[in-house]
Amino acid sequence: MAAMFKVRNPRNGEYDYEFARSSPADIALQSAKLRAQSRVWAEMSPKARADLLLRWAEALKAERQNLIDALVVDTGRRRESELEVDSAIGNIMRWAARAPALLEEPATRESVVKPMTLTAASVPVGLVAVISPWNFPLLLALIDTVPALAAGCPVMVKPSEVTPRFVEPLRRAINAVPELSNVLHVVQGGPDTGAAMIDNADAVCFTGSVATGRMIAKHCAERLIACFLELGGKDAAIVLEGVDVSRAARSIAWGGNANAGQSCLSVERVFVERLIYAAFTAALAAECNALKLAYPRVDDGVIGPLTAERQAVTIRSQLDDAYARGAKALAGSNVEELGGGLWCKPVVLVDVTPDMKIMTEETFGPVLPVMPFDTIDEAIALANGTEFGLSGAVFGPRERAIEVAKQMHGGAISINDAALTAIVHDGEKQAFKNSGLGPSRMGDTSITRFRRKRVFIENATLQHDPWWFPAQG
Ligand code: NAD
């Protein structure tokens, strides 16, 4: 009998859902089944695979409302659930359109070593395991899955055990395209299930915390298989004098509080040029104070509950540490329990110092600590003074903003806007420092990273090579 996982509802704290965990034996069996289909999938033309992906997109559209309804229960929020489903379907359609051109093999060419010719080719890397987190359960389960499938790889995907309800409509949409269901399998479970996937995969795409990412990297290293890691962040926004203060405040209020701050790319630290510090903090506090909790009904406001109970513990401990060390709130205060759920009204903190936990550790909640700076060098040092390097933002007069952006550590820097990689997925970017490892999951590389390159080197002249042994004897 399979072990059951009990799942908490983030709006009321009740354990009202359960699912059967995939055991290591299930994973081995399913992996063998996927491998048995891998040749058919790999040898299909990119256009034929793309057409099947488009049929899947249609099946997901037919399940759109069911997916949204399930995600609303999984996460407690509605607006982001709608955006998430539409974005996931849009990604499939985008990759289906782009993949055939990206996977075209180049023409044979002459090598610099005459008279050889080079014919480049590539093959899929094999069975890809995708392990994903709970903050955008559908979007992040599919963000690597779709390009891997388009590239010709079978995929086993494990969404987070914290938010599993959307798996039922997702599976229905996959099963509506039988050729796809042969090469795409959704499994459920926690760390043990994830580890069993790594034991059976040829490459691993992991999205999650730095701590788990390190474990995954070690596990993949033992097996000498590729691992692509997309990990945590502590994004900074730098606000320069000369900016439209109210626009910057509105943008950062979104960038720090969308999905109740539960995004890797959330703005989690704000550095503001001292001349506009007072005006900016007042504007940001006004923006954040106006954001209402989606409570008691899901459509009552735009800030949903904290989805994962353990994250609420982290947020509370960081805020307690900040208050104990002199920080003051201009908006919000701390995590609170309402109707059995855990909630946090957007918090704007001032009088913070760079050594507070709220400034050094990933918060993953709706908290915006704001510090003033006097010089650009100081702002850059503050922004870059972290173990993370996911993304960032800078607001200011264009030329100065671009100069600052170039000096910030991070794979994607939004200029005069915040958290743009939540919406814009077609620019290649890699994580800096502890925020990840591997080629870009965004832009064209997202597909080509799932191909192993090879080359056929031909001596078409059939002449003897000058480096062969001279005729002996
Ligand atoms: P997590 O690391 O706790 O878990 C992520 C996934 O890994 C889950 O599916 C979990 O079951 C699985 N897992 C845990 N231990 C494992 C193990 N030993 N072997 C195999 N699988 C294992 O992360 P989380 O709490 O679900 O998500 C929040 C984190 O994800 C945050 O740090 C956030 O910044 C990060 N994140 C990063 C990105 C990005 O693109 N960089 C996007 C979203 C979230």
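Two salt bridges link domain 1 and domain 2, a salt bridge being a side-chain nitrogen of Lys or Arg within 4 Å of a carboxyl oxygen of Asp or Glu. Welcome to a predicted model, where local features need pLDDT of at least 70, side-chain atom pairs count only at pLDDT 80 or more, and totals for chains, interfaces and linings use all residues. Residues are numbered from 1 along each chain as its sequence is written, and side-chain values use heavy atoms, with hydrogens and water left out.

**The two domains**
- Domain 1 covers 4-231 + 435-457 and domain 2 covers 235-422, with bounds from an automatic or database domain assignment.
- Their C-alpha centres are 31 Å apart.
- Domain 1 brings 23 residues to the contact and domain 2 brings 33, where contact means heavy atoms within 4.5 Å.

**The buried area**
- About 2100 Å² is buried between the domains, 50% of it on carbon and sulfur atoms; this is the accessible area (1.4 Å probe) that two parts lose on being put together, summed over both.
- Of the area that domain 1 buries against domain 2, 32% comes from Arg11, Trp134 and Ser435, more than from any other three residues.

**A salt bridge up close**
- Asp299 and Arg78 join their side chains in a salt bridge, at 2.7 Å from N to O.

**Domain 1's side of the contact**
- Helix H3 (64-75) and helix H4 (79-102) are the elements giving two or more residues to the side of domain 1 that touches domain 2; helices here are DSSP runs (H or I, at least four residues), numbered from the N terminus.
- H3 gives the most to this side, with three residues.
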